[in-house]
Amino acid sequence: MTAVKNSVITIKNLYKSFGTNNVLKNFNFDLNEGESVAVLGKSGSGKSVLIKCIIGLIKFEKGEIFVLNKDISTLNIEELDKIRAQVGFLFQSNALYDSMTVKENLLFPLRRHKRHLSETEINLLVSEALDNVKLPETANMMPSELSGGMKKRIALARTLILKPKIILYDEPTTGLDPITSREISNLMVEIQDKYKTSSVLISHDINCVKIVADRIVMLIEGTNYAEGTYLSLKESKDQRVLSFFN
Amino acid sequence: MKKDRGKILKPLYNVLNEAGEITKFALRFFKLIFNRPFEYNEFARQCYYIGNKSLPLVAVTALIMGLVITIQSRPTLVEFGAEAWLPKMVSVSLVREIVPVITALICAGKIGSGIGAELGSMKVTEQIDAMEVSGTNPFKYLVVTRVLATTLMIPVLTVLADGISLYGAYLGTNLRGVVSWNLFWSQVFDVLVYADIIPSLLKTFFFGFAIGIVGCYKGYNSQKGTEGVGLSANSSVVISSLLVFIIDLIAVQITDLLGLT
């Protein structure tokens with residue numbers, strides 16, 4: 001069974017619950033090639049659960065998720081790893097490995113997925129990733145020596161190092177000041193333009209969504225409540241939709 | 001009445017449930033141990049941290065144990081006119097029982113809590129998830145390497161601690177008397193036989209495995225944010241220390257049954 005052509009992520013009738021708490025109820029979603037879609041929702045609305053279902057970190061009860069035309073619920077771990085090599089994931093908490101330097105953090109996914117590369121090629125990729133996030137001087141620093149914004153950039157560099165086709169951003173601006181948030185949002189757009197990636201952005205930061213997303217999906221009560229561009233949703237008459245913009 | 005019974009049975013149920021979960025976790029370790037790729041670098045790094053970084057603490061404790069046991073034993077032996085037996089008696093006590101158990105308890109405190117806190121913190125900061133999405137089996141990378149390292153390094157530390165504690169015993173013997181270096185060691189090796197050394201060494205592999213598996217289990221399944229990290233570290237120490245005593249009890253029974261006592 002294959003998903004619609006040009007769609008890099010397709011979600012059909014997704015259900016996920018934790019005990020009696022139904023987090024996702026008949027959720028449907030499409031991400032087209034080169035597109036950037038934001039999933040907007042309140043805290044605890046199931047946004048992070050959704051993004052973790054996409055990458056196979058959380059198992060769902062019902063529905064289908066196709067990533068790069070593969071039904072991820074049917075993949076074994078080796079097949080899932082091949083898909084994961086093409087999907088970058090920027091974690092809300094950055095998830096940088098504390099015991100490793102910045103360079104070692106970047107090398108970690110490289111050494112697993114690009115075993116054929118020489119040391120010179122690996123070093124070039126690390127330099128390129130650090131240049132992309134404008135932090136070339138941090139290679140030998142430990143994550144604990146970096147500021148919140150720098151950690152986010154390094155996490156983004158680690159996500160980018162495998163040149164993924166899709167990037168999943170989980171609350172990329174949470175905990176950052178407005179100026180750094182804007183810098184990170186602009187960086188995400190730059191990366192999108194440079195590498196022609198498709199991306200899913202999970203956020204409740206409307207300013208970040210405005211800068212990054214081509215289209216917005218509102219996740220309310222576990223379902224895709226409303227969908228459209230930033231401008232079309234801003235002019236909606238629905239109070240629940242408008243509450244995100246005020 | 002039924003409610004009271006429930007109150008009594010619930011902790012028992014929780015203990016059995018935890019024991020079952022740790023067993024499942026250990027079985028997963030054995031299932032993955034021979035799967036490729038083997039994480040040699042991480043294993044070597046863990047051996048270095050667990051072995052080298054614990055050595056000063058283990059060494060100091062072993063030296064003090066040797067000294068203290070010798071000083072404490074002397075008056076009793078003097079009372080029976082058996083002072084000359086001091087090196088023999090102390091060395092058997094140290095090598096067979098005291099050093100392996102105390103070393104394992106120190107390692108349960110230092111290594112077990114360290115592993116529990118490290119993996120717990122990795123869990124709550126999504127580092128384990130990050131590892132999984134970057135195509136690495138976190139169980140294999142984090143758990144298998146750490147459990148193998150503790151299983152291997154605690155016997156090594158125990159052997160070193162045995163030697164250091166015997167040196168402590170030599171110093172202790174010479175505090176109130178004069179026993180030459182050669183005489184001391186000839187008495188020690190006169191009394192120590194393979195039946196003393198091998199069983200006491202074998203059980204330290206089980207101590208190491210128990211410390212590693214409990215620390216990893218607690219850290220890997222850490223919940224409730226930073227509070228959970230503290231709980232993981234704390235319960236790693238408590239459970240692994242208890243397991244050290246239980247394993248020791250079983251080991252003593254087995255050696256007794258085999259006639260090695």
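Visitor: Which residues of H4 in chain A are buried?
Guide: In this predicted model, the buried residues of H4(A) are A:Ile122, A:Leu125, A:Val126, A:Ala129, A:Leu130 and A:Asn132. Buried means under 20% relative accessible area, exposed over 50% and partly exposed in between, with a 1.4 Å probe and protein chains only. Helices are DSSP runs of H or I with at least four residues, strands are E runs of at least two, and both are numbered from the N terminus.

Visitor: Where do they sit on the helix, seen down the axis of H4(A)?
Guide: They fall within an arc of 160°, so they line one face of H4(A). The arc is that of the directions from the helix axis to the C-beta atoms.

Visitor: And what's on the face turned away from the buried side?
Guide: The exposed residues A:Thr120 and A:Leu124.

Visitor: What do the buried ones pack against?
Guide: Helix H3 (102-113), helix H5 (148-160) and H6 of chain A. Contact means heavy atoms within 4.5 Å.

Visitor: New topic: what's the strand order in the open sheet?
Guide: The 6 strands of chain A run S6-S7-S8-S3-S9-S10, with mixed pairing. Two strands pair if DSSP finds at least two bridges between them. Strand S6 (87-90) and strand S10 (223-228) are the edges, each pairing on one side only.

Visitor: How many bridges join S9 and S10?
Guide: S9 (residues 215-220) and S10 of chain A pair in the antiparallel sense over 5 bridges. In S10(A), A:Glu227 is the residue opposite A:Val217.

Visitor: How are residues numbered?
Guide: From 1 along each chain as its sequence is written, with chains lettered from A. Local features need pLDDT of at least 70, and side-chain values use heavy atoms.

How values were computed. Predicted model: local features only at pLDDT ≥ 70, side-chain atom pairs only at ≥ 80, totals over all residues.
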